[in-house]
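Please look over this structure with the notes below. They take up the pockets, then the fold and the surface.

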Amino acid sequence: MRQSPSEAAPQKTSMVTTLIVISVAVFVLQQVLNVFLPGPFGRENSFMSQWFALSGHNFQQLKVWTLLSYGFLHSTAGFFHILGNMLGLFFIGRLIEPTIGRERFLSLYLAGTLLGGLTYLLFHFNGSGPVVGASASVMAILALFCLLNPERPITLLIFFIIPVTVKPKWVFWGSLAISAGGILLYELPGNSNVAHSAHLGGLLAGILYYRYVHNRSTAFFSASHARPTVEQPAWFKRRKKTEAHISYKVNRSNRDQLQSEVDRILDKINASGFGSLTEHEKHTLDRAKDLLSR
């Protein structure tokens with residue numbers, strides 16, 4: 001049976017596409033506010049950063065929603081910030097979403113935003129500098145991809161030009177090292193505008209998802225222990241369970257008795273011919289042909 005096009009259930013838009021559309025729409029809104037409602041002396045409009053960017057100052061003012069909303073804002077000083085994050089979300093997300101599903105992908109993405117924000121506050125709770133961007137969320141899905149596919153070669157474009165092929169497990173460890181080192185060498189001394197702490201929090205979100213949700217094992221880079229992401233139909237599980245408990249028993253004494261009866265009938269055939277057999281003996285041979293051949 002086939003459904004007609006009008007009866008077919010409509011496919012949901014992928015969560016990757018939805019998140020990209022929302023992020024780009026918010027970025028456009030930021031630019032519109034900067035153009036039509038600029039701040040004093042032509043500076044960028046501060047409304048979005050005051051109410052939706054994450055900072056220690058905003059959090060202390062009980063703007064707790066900024067722990068998630070900052071992930072949908074981006075720097076308006078150029079296009080490279082949002083471009084890099086959206087490319088990462090697109091290329092990595094389209095590989096991860098079919099594996100874990102639409103709803104779980106959104107949960108992982110937001111968990112990366114949340115844990116990235118909390119890690120940033122851990123180092124900057126008394127600071128006023130805001131952090132924006134989806135980098136922590138992208139780091140979360142990057143970590144999960146690397147943990148699920150440690151040996152699968154991937155090609156990265158360094159500076160969008162130079163192709164480099166590397167295994168994801170090295171990308172994972174490299175990202176951890178860069179984030180941890182960036183916090184100590186650049187972020188805390190105030191030598192960089194990159195929120196390495198938020199990146200580290202995003203990576204931790206991907207690790208925790210892999211450990212406690214997807215894999216449920218203490219071993220990293222071990223796909224053999226991964227739980228199936230698609231649940232088997234109930235009818236298949238019932239059938240499989242039933243078949244697993246079926247045992248075939250052979251009554252050996254009955255089989256030996258039948259074999260003895262067949263031997264007797266064969267001896268009778270050799271002595272008197274097939275025509276001397278009774279109908280019952282002929283039926284016994286037919287039945288023995290099927291049973292003894294198994």
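**Notes on the pockets and fold**

1. The lining of the largest pocket divides into 19 nonpolar, 10 polar and two charged residues. Ala, Val, Leu, Ile, Met, Phe, Trp, Tyr, Cys and Pro count as nonpolar, Asp, Glu, Lys and Arg as charged, and the others, Gly among them, as polar.

2. This is a predicted model: local features need pLDDT of at least 70, side-chain atom pairs count only at pLDDT 80 or more, and totals for chains, interfaces and linings use all residues. Residues are numbered from 1 along each chain as its sequence is written, and side-chain values use heavy atoms, without hydrogens and water.

3. The largest pocket holds about 1400 Å³ of space. Its lining has 31 residues; Gly84, Gly88, Ile92, Leu142 and Leu156 lie nearest its centre. A pocket is an open set of points on a 1 Å grid over the protein atoms alone, where a 1.4 Å probe fits, with protein on both sides within 12 Å along at least five of seven lines; lining residues have an atom within 4 Å of a point. A volume is the space filled by probe spheres set on the points, which are joined across faces, edges and corners.

4. Which element gives the most to this lining? α5 does, with 10 residues. Elements supplying at least two residues each include α5 (80-100), α7 (135-148) and β1 (154-158).

5. The protein has 12 helices and two strands. These are DSSP runs, numbered from the N terminus: helices are H or I, at least four residues, and strands E, at least two.
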